[in-house]
Each structure stands twice: as C-alpha cells, then as structure tokens.
Amino acid sequence: DMRMFNAWAHGDFEHTSDEELLRFVEHGTLNQVKETIASGRDMVEGNGGPLTGEVTIRDVVVADALPTEYSDGSSYPYGYLRVTYCSDWTQLRTPDGKRAIVGKDSTSTDEVLVLRMQDGRYMYAGSRQLNSGCASS
C-alpha cells in the first residue's frame, strides 16, 4: 500500500494501466486504486512537482489471518489477512522543502486487506485509515 503511494508521490506513474494494476490489485479494489493514482497526479501537479522523502510504516500487526475457500472446494488457512500499521508521513516534503503534512494527520493508524488467490498470488484488496495518530507516536 505505502510502496505504491511512495512511487506515485515521487511522480512515478509508470505501470498504472488497468492490466498492470490487476496483477497485484484485487478486481473489486481497482477503482479505489485508480482514484488514489489520480489524486497522486493532482498532488504532484498542485505542489509544483513530486514530493521527496518517504511515508514509512511501523508497528505492523496481523490483526486477522483467516482461511479462504476457493470455488473448487480447496482452501488455504491464511488466505485473508487484515494488517494494521502506523503510517508516518513526517519525512514527506514538498518541492520547496516544507513538510507535506503537519499536525495530528502526520501519522495515522491504517488497515490493509490482502487476499491469497488460488494460484498463490497475494492481492491488495483495499485499505482504510482507522484514525489520526498512532499508539506509538
């Protein structure tokens, strides 16, 4: 999730066609990801260029690891993963060197869903912000 955002915030919009995204993004989440890409493009243009620095994650916790059953009746014990983590935006800078995000929104607790497909691929299935700030901040 953050690796994708970091690339887009730095202006790297290569490999964002539907076909390429569907290699690692679950089909039902594609529109959400495309909206994030569009917002990233707008951000880069609005800031006068790409951001520098990285959004980092810490305090990663697997909140749920549940089994998945596939259409042929087979299953996998860890096919659905819900992971929570702290997103730290404090190192992200605009082209003029100022912090891109300040205040309580500079860190957040987020959740990402990952699905294991029958062929063994893991697919991004969405994310959401749970709250501003992090327990460790």
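Predicted model: local features only at pLDDT ≥ 70, side-chain atom pairs only at ≥ 80, totals over all residues.
Buried means under 20% relative accessible area. Keep that cut-off in mind for one of the stops below. Searching the whole structure gives eight of them.

**Stop 1: Asp 64 and Arg 82.** Select these two residues and show their side chains. They meet in a salt bridge, with 2.7 Å from N to O. Asp 64 belongs to strand S1 (residues 56-69) and Arg 82 to strand S2 (residues 75-88), so the pair ties together parts that are 18 residues apart in sequence. Asp 64 is partly exposed at 26% relative accessibility, and Arg 82 is partly exposed at 23%.

**Stop 2: Glu 111 and Arg 128.** Now move to strand S3 (residues 107-116), where Glu 111 lies, and to strand S4 (residues 122-132), which holds Arg 128. The side chains of Glu 111 and Arg 128 form a salt bridge of 2.7 Å, N to O. This pair ties together parts that are 17 residues apart in sequence. Is Glu 111 buried or exposed? Its relative accessible area is 5%, so Glu 111 counts as buried.

**Stop 3: both pairs together.** Select Asp 64, Arg 82, Glu 111 and Arg 128 at once. These four residues are linked in a network of salt bridges.

**Stop 4: Lys 104 and Asp 105.** Finish with this pair. Lys 104 and Asp 105 form a salt bridge whose closest N and O atoms are 3.9 Å apart; the cut-off for such a contact is within 4 Å. With a relative accessible area of 64%, Lys 104 is exposed, while Asp 105 is partly exposed at 43%.

Technical notes: Residues numbered from 1 in each chain as written. Heavy atoms only, no water. Helix = DSSP H or I, 4+ residues; strand = E, 2+ residues; numbered from the N terminus. Buried < 20%, exposed > 50% of the residue type's maximum accessible area, 1.4 Å probe, protein only.
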